[in-house]
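Please open the model in your viewer and keep the sequence panel beside it.

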Amino acid sequence: MQEESSLKKKVYDSLMQDMLNGTVRPGQILTEKSLIEKYQVSKSPVRDALISLCNEGVFRSIPRCGYEVIRLTTDTIREIVDFRLGLELYCFRQIGSKLTEEELSDLELLAMKAHNIPENADMWYHWNGNIDFHLKLVSFYYNRYIYEQVEKSFKILTRAYVQEYWDTWRKVEVSEGDGQHMRLIRLVRNKKFNEAEEVLQEDIRRIRTILC
């Protein structure tokens, strides 16, 4: 049983990675047979992995055909951004005025890392840096359920990010960014919490212009 679970995770993780690197693309159809041959495993772990991915809205099952990678729509992306806005702004309103200097320093390190982009960085560098910052900020509210929901939202948006950029994945130039995270930290330190909230709101909504 443990071996089956391990094999399922191997197939699941590999399929997710294939989507993130553009090997498997929206609209593409995969079959159980091709995946069994690819991973050299039995039918059970392949089917279990595909069922999990269908339940998460990553694939959809097409009877007598296979499993299609679902293309995320702009409406779905907007809904997820609105969901993030509700959760993250709520958290910030509870903790903004209570953030300690140590917590702000932790945020500042992440903001500086994302802001000072290396010459050889690709699109992942900026994107992952943005995720790290927002998850760290939410973590200071110390509500595991909210943290997990924001984390899940980012996983879906990451698929949308790949979907948007896979054609030009190696060609897109990564700009230095607008320093929104550094601005937010400065405003909190200066006790301008309303302005900091506005910056956070702008930063979360900015993803719409990237993906929609």
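**First stop: a helix pair**

Select α5 and α8, whose crossing is left-handed, meaning that the near helix is turned anticlockwise from the far one by less than a right angle. This is a predicted model, in which local features need pLDDT of at least 70 and side-chain atom pairs count only at pLDDT 80 or more, while totals for chains, interfaces and linings use all residues. Residues are numbered from 1 along each chain as its sequence is written, and side-chain values use heavy atoms, leaving out hydrogens and water.

Helix α5 covers residues 101–115 and helix α8 residues 180–189, helices being DSSP runs (H or I, at least four residues) numbered from the N terminus. They pack at an angle of about 160 degrees with axes 9 Å apart, the axes being lines fitted to C-alpha atoms over the stretch in contact and the angles running from 0 to 180 degrees between N-to-C directions. That angle makes α5 roughly antiparallel to α8 (over 145 degrees).

Now show side chains: the contact (heavy atoms within 4.5 Å) includes Leu104, Leu107 and Met112 of α5, and Met182, Ile185 and Val188 of α8.

**Second stop: the largest pocket**

Next, select Met16, Glu151, Phe154, Lys155 and Ile156, which lie nearest the centre of the largest pocket among its 18 lining residues. A pocket here is an open set of points on a 1 Å grid where a 1.4 Å probe fits, with protein on both sides within 12 Å along at least five of seven lines, and lining residues have an atom within 4 Å of a point. Finally, colour α7, which gives the largest share of that lining, 8 residues.

How values were computed. Helices (H or I, at least four residues) and strands (E, at least two) are DSSP runs, numbered from the N terminus. Angles under 35 degrees count as roughly parallel, over 145 as roughly antiparallel, 65 to 115 as roughly perpendicular and the rest as oblique.
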